[in-house]
Amino acid sequence: MTSRHRSSDTAPSFAPRRRTVVKAAAATAVLAGPLAAALPARAATETPAFLHGVASGDPLPDGILLWTRVTPTAEAIPGSGLGPDTQVSWTVAKDKTFTTIVAKGSTTATAAADHTVKADIRGLQPATDYFFRFSAGGTDSPVARTRTAPATDAGVAGLRFGVVSCANWEAGYFSPYRHLAARGDLDAWLHLGDYIYEYKSGEYAARGKVVRPHAPANEILTLADYRTRHGRYKTDPDLQALHHKAPVVAIWDDHEFADNAWSGGAGNHTEGAEGTWTARQAAAKQAYFEWMPVRPAIEGTTYRRLRFGKLADLSLLDLRSFRSQQASTGSGTVDDPERTLTGRVQLDWLKAGLKASDTTWRLVGNSVMISPFAIGELSADLFKPLAKLLGLPQEGIAFNTDQWDGYTDDRRELLAHLRTNAIRNTVFLTGDIHMAWANDVPIDAGTYPLSASAGTEFVVTSVTSDNLDDIVKVPEGTVSAVAAPIIRAANRHVHWVDTDRHGYGVLDITADRAQMDYYVLSDRTDPNATSSWVRSYRTRSGTQKVERTYDPV
């Protein structure tokens, strides 16, 4: 390991200020009342129930990871540590009626794993739809569809993925999941981080209003807390519907832990008063791997790589476990080669994988924006809420140090690697920022477009989390109409930015192009919200640049 990315990096003296100082001491016990609120109403019975749906994830050519959570008894609610060991079986078939069964098995759900169950099924056929269900004590789970990846050497005509990030329970309903589930044409869907949020009730809602309360009500700190919050999310009918229709490929960002998390702490963590960061991070990771259909390639991380025939491979990053502390504003340390976003080992893994790839497209699941971003000449009334959204000091700054902008040596090394090795068709797929973007990724933003572009980036907006118009509390579209032209003028590699709307993306890939269709919601606070297509951008093979196209796939 070289010195530039030491695991024992000394953090800068600057510590990010938490958005709200938690005055109460860390919770040492979880009461049954808040836990019970995480579940839908259920008759008191000893019959096992599948209250949190079922899910699948991380498709392989010959396999899929299945997930569920069984509630064996009424008191065995998420995070409680209660409930008996329960035998849970699974069945995989080629048809919804389960007449052609291809795999069966069973395991024991225990309180030690919060009664969650995973089954890593192998021996399946590539590029094939399957149906699965779980059973316990005579009760069957819902039936769900999943799909395996194409064979490694298969010629693939096309792939289609749903793309989402930043789903804040208290800020609204998860209609994007419902609309993606209704499509019925997804090979998989990508969740690019902030699947859950850690805040206490009311701290981060919809323009300050709680649309629906989460559980537990306190900021989540302990293993029981994180399990309870995950359990709350998994009761959402729209989220369940999408998990029942297609496999998910997920990475985490900061809010699966705490706001502005880094390897040694977080902006939203008070050491001592909220316990140790080491314990909190371990609790968050344990709950995540219990509750998510994610197959970690390296224990305790989410960086891994999936392949979809000869058409595309997908490198998934973990940009929280290894990063150095965010740099202080104006300190000059964003360029320090001793600081890292990825960690040395992960960056080398990414570079090697991109160079060795023999697929047409190299996709990178990337939780924070890699494209450079200068704010430009925004007026104070727009700059301050933008700074708040990005977690920036509001006295002025030209970059977001929580993104790749705060770790420029990692970015320089990665982009130089792409350029030097003539690695084409690299597409970064990004969440986090609660806005939609379509960007070239320039080698030198200061001279772009005269300098080369090393790749492209499609950033999806939030499912529900506040974006710029919500912070300013003005009608949707008001801020974007003013801010977008200024942002684009200061960032010539940005083809489009929408600062104001909530929604999701649909990524469609062929040998000729990768296209992102952007969809927006009518109203995140309406459980029956409609969605509509708003824009599409694509990058054609070999160009490393984005262009607008005028029809969704």
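**Exercise 1.** Find the bridge partner of Gly503 in S22, and work out how S21 and S22 are put together.

Solution. Keep in mind that this is a predicted model.
- Start at Gly503: its bridge partner in S22 is Val520.
- Now widen the view. S21 and S22 are antiparallel and share 7 bridges.

**Exercise 2.** Which other strand pairs with S21 in the antiparallel sense, and are the residues of S21 buried or exposed?

Solution. 
- The strand to pick is S9 (residues 159-164), joined to S21 by 5 bridges. As one example, Gly162 has Val506 of S21 as its bridge partner.
- For burial, the cut-off is under 20% relative accessible area. With that, 7 of the 7 residues of S21 (residues 503-509) count as buried, so the strand is largely enclosed by the rest of the structure.
- Check the faces separately. One side has Gly503, Gly505, Leu507 and Ile509, the other has Tyr504, Val506 and Asp508, and all of these are buried.

**Exercise 3.** How many cavities of 30 Å³ or more are there, and which residues line the largest cavity?

Solution. 
- The tool for this is a rolling probe: with the size of a water molecule, it shows where empty space is left.
- The count comes to 2 cavities of 30 Å³ or more.
- The largest cavity holds about 50 Å³ of space.
- Its lining consists of Ala436, Thr461, Trp496, Asp498, Arg501, Tyr504, Tyr518, Tyr519, Val520 and Val534.
- Sort those by element: S20 and S22 (513-521) are the ones that give two or more residues. S22 gives the most, with 3 residues.

**Exercise 4.** Trace the open sheet that includes S20: what is the strand order, and which strands stand at the edges?

Solution. 
- The sheet has 7 strands in the order S14-S15-S16-S17-S19-S18-S20, and its pairing is mixed.
- S14 (304-308) and S20 (494-498) each have a single partner strand, so one side of each is left without a neighbour in the sheet.
- From one strand to the next, the twist averages 20 degrees.
- Zoom in on the S20 end: S18 (residues 436-442) runs antiparallel to S20, with 4 bridges between them. Trp437 stands opposite Val497 in S20.

**Exercise 5.** Where do H8 and H10 lie against this sheet, and where does H10 bend?

Solution. 
- H8 (residues 408-420) lies across S17 (426-430), S18 and S19 (453-459), at about 150 degrees to S17.
- H10 packs on the sheet too, touching S18 and S20, and its direction makes about 155 degrees with that of S20.
- Follow H10 (residues 478-490) along to Ala484, where it bends by about 30 degrees; Pro485 follows within four residues.
- The buried residues in H10 include Ala484, along with Val479, Ser480, Ala483 and Ile487.

Definitions and conventions. Residues numbered from 1 in each chain as written. Predicted model: local features only at pLDDT ≥ 70, side-chain atom pairs only at ≥ 80, totals over all residues. Heavy atoms only, no water. Bend = angle between axes of the 7 residues up to and from the residue. Buried < 20%, exposed > 50% of the residue type's maximum accessible area, 1.4 Å probe, protein only. Pairing = 2+ DSSP bridges. Axes fitted to C-alpha atoms, helices over the stretch in contact; angles between N-to-C directions. Contact = heavy atoms within 4.5 Å. 1 Å grid on protein atoms, 1.4 Å probe; cavity = no way out; pocket = protein on both sides within 12 Å on 5 of 7 lines; lining within 4 Å. Points joined across faces, edges and corners; volume = space filled by probe spheres on them.
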